[in-house]
Amino acid sequence: MSERTGLALALGGGFSRGFAHLGVLQVLEQNHIPISYIAGTSVGSILGAAYASGAPLARIIATCRTIRFRDIGRWRVSRLGLASNHRLGDLIEQVFESRSFEDLQIPMAVVATDLASGEPVVFTHGNLSEAIRASCAFPGLFEPVQIGTRCLADGGLVAPVPTRAARELGASHVIGVFVGAEDGSHGAPSNIFQVVCRAVNAAQKHQLEIWERHADLVLRPDVQSFAWDDFDRADEAIEAGAVAARRALPRIQKLLDPVPDSHSQFQARLQAEPQSPAWLAEASR
């Protein structure tokens, strides 16, 4: 474990709801709050890596205002999914300032799920596009992504908010941003995607205690009314993230106040709690 210090953001998944992450980044930037590390799951990996690459936040926001599903996915029914997310790789090439983890301006971790073992796979080196595509391969919608010998799917299955991965990067303090995985509708599901989405959300509700204990602070932007594909509501989601971040500013500022041995104190608290044998099995309990 590195003894470096700093603030890490752990950005969770949630399709179009994830635009709220940009509002959080906007408020932190406006208040000159430095981000030392970023970890991302699913849409959190896209936006987090774009920011970590050095792309101006204004440009990222402008791009997100025009994004539609056709920009990240292409419908093609197969045995493994309803669509491919190869187009996401093209979008990354257009927006990002970096193509590999090693070239990022802010150290980054991207979390995906190994479908063979059921464990998280945390990427911190190598090709960004492949890792992000894997992290965004939502089961039932997108086909899994093959990297090496691993068949990978959405990181939200095992790390809805990748606070553990953020902590492992070396951060003294971790802020998690949770935007949820609900489909934005109520009543009985009306299609297979809603069935899968609600099943994943039900599983994630039982993981809250696991990932929350690795965070010093959790932000929950009010985006519960958003459907998964409400891409045309980007400005609303961004504002929801900004509102959540502004409300939390006093607590965030308090985190940044020098506290002797804060990293050691967190480690002592964490070690005093029951843990699974391997940190990669974060969601196995």
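**Chatting through a predicted model**

Trainee: OK, and which residues of α3 are buried?

Mentor: Those are Leu57, Ile60, Ile61, Thr63 and Cys64. They span an arc of only 160 degrees around the axis, so they end up on the same side of α3.

Trainee: What covers the buried residues of α3?

Mentor: The cover includes helices α1, α2, α4 and α9.

Trainee: You mentioned α4. Which of its residues are buried?

Mentor: Helix α4 runs over residues 86–95, and its buried residues are Leu88, Gly89, Leu91, Ile92 and Val95. Because their arc around the axis is only 160 degrees, they sit on the same side of α4.

Trainee: And what covers those?

Mentor: Among the elements covering the buried residues of α4 are α2 (43–52), α3 (57–66) and α5 (128–135).

Trainee: Let me zoom out. How many helices and strands are there in the chain?

Mentor: The protein chain has 10 helices and 10 strands. It has 285 residues, and 56% of them count as buried.

Trainee: How much accessible surface does the chain have?

Mentor: About 12,500 Å², with 52% of that belonging to carbon and sulfur atoms.

Trainee: Back inside, then. How many residues does the largest nonpolar core have?

Mentor: That core has 76 residues, and the ones with the most contacts inside it are Phe19, Leu22, Phe123 and Ile132. Helix α9, residues 234–256, gives the most to this core, with 10 residues.

Trainee: Which residues does Ile132 touch?

Mentor: Leaving out residues up to four places away in sequence, Ile132 touches Ser45, Ile46, Ala49, Leu88, Ile92, Phe96 and Val110.

Trainee: Switching to rings. How many aromatic pairs are there?

Mentor: The count comes to 7. One of them is Phe15 with Phe138, an edge-to-face pair at 5.2 Å centre to centre, with 70 degrees between the planes.

Trainee: Where in the chain do Phe15 and Phe138 sit?

Mentor: Phe15 is in the loop between β1 (7–11) and α1 (20–30), while Phe138 is in the loop between α5 and β7 (145–147). They are 123 residues apart, so to speak, and the pair links distant parts of the chain.

Trainee: Are they buried or exposed?

Mentor: Both Phe15 and Phe138 are buried. Ring pairs also link them with Phe69, Trp75, Phe142 and Trp228 into a cluster.

Trainee: Which charged end sits over the ring of Phe226?

Mentor: That of Arg233, 3.9 Å from the centre of the ring.

Trainee: One more arginine: where does Arg247 lie?

Mentor: In helix α9. Arg247 counts as exposed because its relative accessibility is 71%, with the cut-off for exposed being over 50%.

Trainee: What separation is there between Arg247 and Leu219?

Mentor: Their C-alpha atoms are separated by 9.3 Å, and the two residues are 28 apart along the chain.

Methods:
Residues numbered from 1 in each chain as written. Predicted model: local features only at pLDDT ≥ 70, side-chain atom pairs only at ≥ 80, totals over all residues. Heavy atoms only, no water. Core = buried A, V, L, I, M, F, W, Y, C linked by side-chain atoms within 4.5 Å. Buried < 20%, exposed > 50% of the residue type's maximum accessible area, 1.4 Å probe, protein only. Helix = DSSP H or I, 4+ residues; strand = E, 2+ residues; numbered from the N terminus. Contact = heavy atoms within 4.5 Å. Arc of directions from axis to C-beta. Phe/Tyr/Trp six-rings, centres within 6.5 Å; stacked < 30°, edge-to-face > 60°. Lys NZ or Arg CZ within 6 Å of the ring centre and 35° of its normal. Areas by Shrake-Rupley, 256 points an atom, 1.4 Å probe, with all protein chains shown as cover.
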